[in-house]
Amino acid sequence: MVTKLIILLVIVLGVVAAAQLMRLYELSAKMRKEGEHDISRRDNRLNAGLMLAFMIVLFGGFIWLMVQYGWVGRGEAASVHGHELDWLLNLNFVIVIAVFFLCNFLLFFYAWKYVKKPGVPAYYFPHDNKLEMVWTVIPAIVLAVIIIFGLRSWNSVTDQAPDDAVVVELFSKQFDWTARYSGEDNKLGKFDYKLTEDAKNELALMTTESIQEAIDSMQMGLKGIDNLESQLNDRHIMLTPEDRDAKRKDLGNKEKLIRLLHQMKAKHDSKIDKQALDDFIVKDTLYLCKGQEYEFNFRSKDVIHSAYFPHFRAQMNTVPGQTTRFKFTPDKTTTEMRESRGVENFNYVLYCNKICGGSHYKMKMIIVVLEKDAYDAWAAVKMNGVKNADGTYATVPAIFDAIQHPEKYPTAAPAAPEDPSEGETEEAEGGEAVEPVEPEVAALEPENAE
Ligand SMILES: [Cu+2]
């Protein structure tokens with residue numbers, strides 16, 4: 001309390017002292033017969049010097065930051081187009097930094113050089129067509145170059161993917177990612193949001209069976225039409241008028257929806273079921289193959305998210321009600337990146353880069369890039385399943401587990417087998433007893449995702 005009072009007193013006295021000093025200054029100016037707003041030559045010199053000093057501090061600070069934190073600050077790119085994108089970014093940086101130094105130098109240097117001198121009037125320079133032309137045309141050309149290069153890169157990553165690109169769907173919701181691989185036929189099965197069933201059919205995949213299930217649960221489920229009707233018609237159930245209205249409204253909506261489901265059922269061709277049935281779904285970890293092109297189809301269940309793959313230099317919004325696309329080819333395995341960065345447990349990560357709600361920060365997925373052999377083996381397991389000798393089901397073959405949890409395999413190098421003839425399927429099948437574990441994300445936090 002006492003300290004607060006003293007602080008308050010000091011502030012009040014400070015203000016009073018400042019006011020008195022101002023008054024003193026005004027009086028002394030009057031005595032010197034100067035106007036109180038006249039600026040002395042010394043003041044001008046001081047300001048000019050400060051301009052120059054500020055420029056030196058600004059440039060020095062900029063250079064220091066560049067040296068301290070690096071040029072781009074994102075580490076090496078891990079995708080084919082990523083290198084092109086970094087080149088483009090560097091080009092932009094070179095242009096922007098050159099302009100930054102030039103403009104600020106001119107601004108501060110001339111402010112210092114042409115400090116007001118007594119008896120020298122300012123030069124009156126109202127207009128110059130040539131100068132206007134130069135500083136309009138040159139930036140226009142530079143901007144056009146940047147935009148043309150940028151558009152070319154953008155088109156190449158959002159264009160139609162070639163047929164041999166593997167199609168993977170990334171489904172976003174508050175607050176996680178689900179990846180759906182297109183399976184053997186490389187075709188993603190159809191989906192319709194009306195078929196969403198949180199427990200059974202989170203991705204709302206459309207098959208003869210899932211449509212029938214949706215109809216059944218709409219008709220006969222716990223909150224289904226039959227139940228609502230019987231509640232509304234049962235004279236023994238007392239309902240408040242508000243409750244009754246709410247239930248009637250709910251019933252009306254469900255009757256509309258079930259009509260749409262029946263239409264969907266009538267139109268559905270059961271031949272396309274297998275497109276959906278061979279898709280396989282993974283959570284937590286997205287496995288990719290080095291040198292393989294991927295077309296990612298993005299969906300969102302609730303709000304706009306953004307799929308951000310910083311190491312692959314890719315980002316795309318995921319928008320409810322529409323599918324967005326992006327393609328890239330990883331060109332460095334996780335193991336190679338660990339070696340080149342010298343970080344033992346480095347992992348690629350997929351982030352959500354759109355503030356999408358309270359737990360947005362948790363919305364991420366580990367990405368593991370494998371050599372072709374290892375990836376094919378993993379995909380085969382996902383498509384066909386592998387049984388261990390003891391009858392347990394190994395969902396994750398030892399080789400992938402080793403990459404995920406190097407600490408469990410201290411001697412084994414976390415890499416694909418050297419000799420392709422050794423066949424991963426064999427290794428996976430004969431394999432060490434592997435617990436069918438879902439990778440623990442917490443243990444896989446990227447050391448340095450910068
Ligand atoms: Cu999100």
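Start at valine 166 and find its bridge partner in E5, tyrosine 294. You are looking at a predicted model, in which local features need pLDDT of at least 70, side-chain atom pairs count only at pLDDT 80 or more, and totals for chains, interfaces and linings use all residues. Residue numbers run from 1 along each chain as its sequence is written. The element names are DSSP runs numbered from the N terminus, with at least four residues for helices (H or I) and at least two for strands (E).

**Stop 1: strand E1 and its partners**

Select residues 166-173, which make up strand E1. On one side, E1 pairs with strand E5 (residues 294-300) in the parallel sense over seven bridges; strands count as paired if DSSP finds at least two bridges between them. E1 is also joined to E2 by six bridges, and those two run antiparallel. For a landmark in that pairing, pick serine 172, whose bridge partner in E2 is tryptophan 177.

How enclosed is E1 by the rest of the structure? Largely, because seven of its eight residues are buried. Buried here means that 20 or more other C-beta atoms lie within 10 Å of a residue's own, exposed means 12 or fewer, and partly exposed is in between, with C-beta atoms placed from the backbone.

**Stop 2: the turn of the hairpin**

Stay with E1 and E2, which form a hairpin with two residues between them. Zoom in on phenylalanine 175, in the loop between E1 and E2.

**Stop 3**

Now follow the chain into the loop between E2 and H5, where you will find asparagine 186. What is the phi of asparagine 186? Near 55 degrees, a positive value in a residue other than glycine. Asparagine 186 counts as partly exposed, with 16 C-beta neighbours inside 10 Å.

Next, select lysine 194, in the loop between strand E2 (176-181) and helix H5 (208-220). Lysine 194 has 15 C-beta neighbours inside 10 Å and so counts as partly exposed. Leaving aside neighbours within four places in sequence, lysine 194 is in contact with Ala214, Leu257, Leu260 and Leu261, a contact being two C-beta atoms, placed from the backbone, within 7 Å.

**Stop 4: the five-stranded sheet**

Move on to an open sheet of five strands with mixed pairing, in the order E4-E10-E9-E6-E7. Its edge strands are E4 (285-289) and E7 (314-318), each of which pairs on one side only. On average, neighbouring strands here are turned by 20 degrees against each other, direction ignored.

Select E10, residues 364-370, where seven of the seven residues are buried. Lys364, Ile366, Val368 and Leu370 point one way, Met365, Ile367 and Val369 the other, and all are buried. E4 and E10 run parallel, joined by five bridges, and tyrosine 287 stands opposite valine 368 in E10. E9 (residues 348-352) runs antiparallel to E10, with four bridges joining them; there, valine 349 stands opposite isoleucine 366.

Over at E7, strand E6 (residues 305-309) pairs with E7 in the antiparallel sense over five bridges. Phenylalanine 309 has alanine 314 of E7 as its bridge partner. In the loop between E6 and E7, click on arginine 313. Arginine 313 is not a glycine, yet has a positive phi of about 55 degrees. Is arginine 313 buried or exposed? Buried, because 22 C-beta neighbours lie inside 10 Å.

**Stop 5: two helices**

Finish with H3 (residues 80-113) and H4 (residues 129-158), which pack at an angle of about 165 degrees with their axes 11 Å apart. That angle makes H3 roughly antiparallel to H4; the term covers angles over 145 degrees, taken between N-to-C directions on a scale from 0 to 180 degrees, with axes fitted to C-alpha atoms over the stretch in contact. To see the contact, select His81, Glu84, Leu85, Leu88, Asn92 and Ile95 in H3, which meet Val142, Ile146, Phe149, Gly150, Ser153, Ser156 and Val157 in H4.

How values were computed. Angles under 35 degrees count as roughly parallel, over 145 as roughly antiparallel, 65 to 115 as roughly perpendicular and the rest as oblique.
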